[in-house]
Amino acid sequence: MKSAKEFAAWLIERFDSQANVWLTRRDITELTSRQSLRSEFIHDVHCELMSFGRGLIADIKNDRYYMVSLSETYWKDVGDIYAKPLPAMKARQADPAPLIRAFQKQTS
């Protein structure tokens, strides 16, 4: 049985040149020689992969596990589009009457 650290090292060695890959639950149990796959093991693999700038995440059914590249970019560093109203929203906020009249015409 492979440890989380050994499995993470194997993943990095094998898929270092690939940006993103996914494995099935069955793939992981076969590769690690485990009889069952527990969330603790996945969490430990994820933590080991983080030191390489990668992560291991599961889909909602825990059928697929995705090894993804982790970004170093903080979301506010690339711009917060919600901090400022969009130009179209400014126009609507200035005069909502045309929208109300148009709606009333359609319902009459």
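Predicted model: local features only at pLDDT ≥ 70, side-chain atom pairs only at ≥ 80, totals over all residues.
**Aromatic cluster and charge–ring contacts**

Phe7, Trp10, Phe15 and Phe41 form one aromatic cluster. Residues are numbered from 1 along each chain as its sequence is written, and side-chain values use heavy atoms, without hydrogens and water.

Rings of Phe, Tyr and Trp (the six-membered ring of Trp) were paired if their centres lie within 6.5 Å; planes under 30 degrees apart were classed as stacked, over 60 as edge-to-face and the rest as tilted. By this rule there are four aromatic pairs. One of them, Phe7 with Trp10, is stacked, at 6.0 Å centre to centre and 10 degrees between the planes. Both residues lie in helix 1 (residues 4-15), three residues apart, and are thus separated by about one helical turn. Helices are DSSP runs of H or I with at least four residues, numbered from the N terminus.

Burial was assigned from relative accessible area (buried under 20%, exposed over 50%, partly exposed in between; 1.4 Å probe, protein chains only). Phe7 is buried, at 0%. Trp10 is partly exposed, at 25%. Trp10 also pairs edge-to-face with Phe15, at 6.0 Å centre to centre and 85 degrees between the planes. Phe15 is buried, at 18%.

A charge was taken to sit over a ring if NZ of Lys or CZ of Arg is within 6 Å of the ring centre and within 35 degrees of the ring normal. The charged end of Arg34 sits over the ring of Phe41, 3.8 Å from the ring centre. Arg64 lies over the face of Trp22, 3.6 Å from the ring centre.

Note on methods. Helix = DSSP H or I, 4+ residues; strand = E, 2+ residues; numbered from the N terminus.
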